[in-house]
Amino acid sequence: MTDLERRLRAAMEAAVANQQPPGNLIQQVRRRHRRRTARVGVAGAAAAAVVAVLVPVGIGASGHGSGPAGPDGPGIRPTVYVAYPNVGKAGTITPIRVATNKPGKPIHLRFNGFAVAAPDGKTLYVATGTAVIPIKTATNKPGKPIHLGTDRAFTIDINPNGKTAYVAGIFTDKITPINIATNTPGKPIDIRFGIFPALIAFTPDGKTAYVNTLHDTVTPINTATGALGKPIQVGTGSDSFAITPDGKTLYAAGTYTVTPISTATNTPGNPIPIRHPASDIAITPDGKTAYIGSQFAVTPISTATNTPGKPIHIGRPVLEMAITPDGKTLYVANPEGPPGAVTPISTATNTAGTPIRIGNALVIALTPDGKTLYAAAINKVVPISTATNTPGKPIRPVSPGIPREIVITP
Amino acid sequence: MSFEEFVQACSPRLFRTALLLAGQDRAAAEDLLQLALERAYRHWARVCRSGEPERYVHRILANASNDRWRQVARRRERQLSPGDADPLAPDQSDAVAERDFLLRALAALPPRQRTVLVLRYFNDLPEAEIADALGCSVGTVKSQVSRGLARLRDVAEPGAEAPAGQMRRRSLS
């Protein structure tokens, strides 16, 4: 460090050493939030009255990072990839064979984003911040990085047509399409607003992608042309997306509202109030119920009437949810403890079962056949039998870091 | 960690960063911090999920600061006026005065340069994390740090051209 750098550091430290934030900072933040929420509420209502003409979309569902895995995959044996980033250093992605629950050789990679599996299960794509790295699942060796320049690559999802991946950073306003046949980036799509949180969802026919922005709007993109639709105001923001299996409605769950959006017209319905900020959303395979995870509770919403049911109290903040392919059980990761747990909820009765105590499970994912739920915590991954809701032997070693995501190939 | 626990634990550090980003304008720093925290509050579940909420809020803070400066005007970079340096003239070796001058020079830097210097030397963030926070490459961070330091050196480093112990006055634009 040069003398100037030392003096600059000392000057900055001395200048603010005794400075304290205002004592009522939390109240100020809450007041600001209420003002903003009220403002957005008015804007949202106004926007709801406007009919926007946009590209009609088809049926099905796709969500962030979920990958197009299905029980009828191309026959590749399922592999669980658990991603543990490590800021500024190489993180690890640990492959685990579902059949043996043994960890394979970890893939060392510097990354800070999410990952997604290609529909054929042959490639895993990992967003590293400035690039996307394809990893062949046959060898688990990273391929040549797909550099995206200074556009950051944080979240990635693949169009159900299996041809294109969309990659977005946080706060940037560019979505970069990647041709996954050639692993080459296309011309970035400028959505004009910063993206945060970074969510991308495709309609099942792949014709429209929805992207979340900083300004509490969801922007539709015509994937054939890259043309933007009119931004859709979504109540008090969106922290999670999900599209009903019939593809007709996108639910955007935000701070205090869940906004249903007609994918045929791209118009928002009336925001559905919820009590706490939403963290995740899961829709039953029959499309009848959307479950909204938030602090301390899961709220079921009837998609027929868009009315919330009685909240199912969990007692801890809900982080992630996964629903079995038969739609009978919703699993909720509620890691804040001690000890953290995964809680099963019966969708028939909307009641929480006995929490499965496995430590601070931060991310969860179900195998395509729904028989095993994998829960990743710091330094371990726990397989849980969905038939008995009992945890198996923890899989180690993985990584001492914080897990970012579990991706399961078909 | 609840949002309230986070604010209690981290707000002094965040506030000090905000103060430096805002050129020590206390009102602007409070507003900046409120804005960043409100934005984090809105998405608290996601912010927590990152596992590094403070890093996330730093990211919001740094970007909000850059945005604010962009909005405030594409305003011209503030130039050091003769008055900025005058107080130093009587006592060139005074460490406090030099520190003061350095901080004013820092405040007069282009926002992005100021932000990288604050994150690098006050928050001790490695270049990779700064790049991550600002959404740019490590190379860009390095060049911004280098340019920012060069500008500070121009005004604060006792150079060969200047009389001993005397700082050179120079426009930062």
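Trainee: How many salt bridges does a search of the whole structure find over all chains?

Mentor: The search finds eight salt bridges. Keep in mind that this is a predicted model.

Trainee: Which residue does A:Arg7 meet in a salt bridge?

Mentor: The side chain of A:Arg7 meets that of A:Asp3, with N and O 3.0 Å apart. Both residues lie in helix H1 of chain A, four residues apart, which is about one turn of the helix.

Trainee: Is A:Arg7 buried or exposed?

Mentor: Buried means under 20% relative accessible area. A:Arg7 has 17%, so A:Arg7 is buried. A:Asp3, at 42%, counts as partly exposed.

Trainee: Where do B:Glu54 and B:Arg13 lie?

Mentor: Begin with the contact: the side chains of B:Glu54 and B:Arg13 meet in a salt bridge, 2.8 Å from N to O. This pair links distant parts of the chain, with B:Glu54 in helix H4 of chain B and B:Arg13 in helix H1 of chain B, 41 residues apart. B:Arg13 is partly exposed, at 43% relative accessibility.

Trainee: How many residues apart are B:Glu30 and B:Arg26?

Mentor: They are four residues apart in helix H2 of chain B, about one turn of the helix.

Trainee: How is the size of an interface given?

Mentor: Often as the accessible area lost when the parts come together. Between chain A and chain B, the buried area is about 5300 Å², and carbon and sulfur atoms give 61% of that. In chain A, the residues that lose the most area to chain B are A:Leu4, A:Met12 and A:Arg32, together 12% of what that side buries. The contact involves 56 residues of chain A and 60 residues of chain B.

Trainee: How many salt bridges cross this interface of chain A and chain B?

Mentor: The rule finds three. A salt bridge joins A:Arg9 to B:Asp124, where the closest N and O atoms are 2.4 Å apart. Helix H1, helix H2 and strand S23 of chain A each supply at least two residues of the side of chain A that touches chain B. H1(A) gives the most, with twelve residues.

Trainee: Why is S23(A) called largely enclosed?

Mentor: Six of its six residues are buried, so S23(A) is largely enclosed by the rest of the structure.

Trainee: In which sense do S23(A) and S24 of chain A pair?

Mentor: They pair in the antiparallel sense, over five bridges. A:Asp280 has A:Gly293 in S24(A) as its bridge partner. Their hairpin has five residues between the strands, and A:Gly287 there takes a positive phi near 75°.

How values were computed: Residues are numbered from 1 along each chain as its sequence is written. Chains are lettered from A and ligands numbered from 1 in the order in which they are written. This is a predicted model: local features need pLDDT of at least 70, side-chain atom pairs count only at pLDDT 80 or more; totals for chains, interfaces and linings use all residues. Side-chain values use heavy atoms; hydrogens and water are left out. Contact means heavy atoms within 4.5 Å. Buried area is the accessible area (1.4 Å probe) that two parts lose on being put together, summed over both. A salt bridge is a side-chain nitrogen of Lys or Arg within 4 Å of a carboxyl oxygen of Asp or Glu. Buried means under 20% relative accessible area, exposed over 50%, partly exposed in between (1.4 Å probe, protein chains only). Two strands pair if DSSP finds at least two bridges between them.
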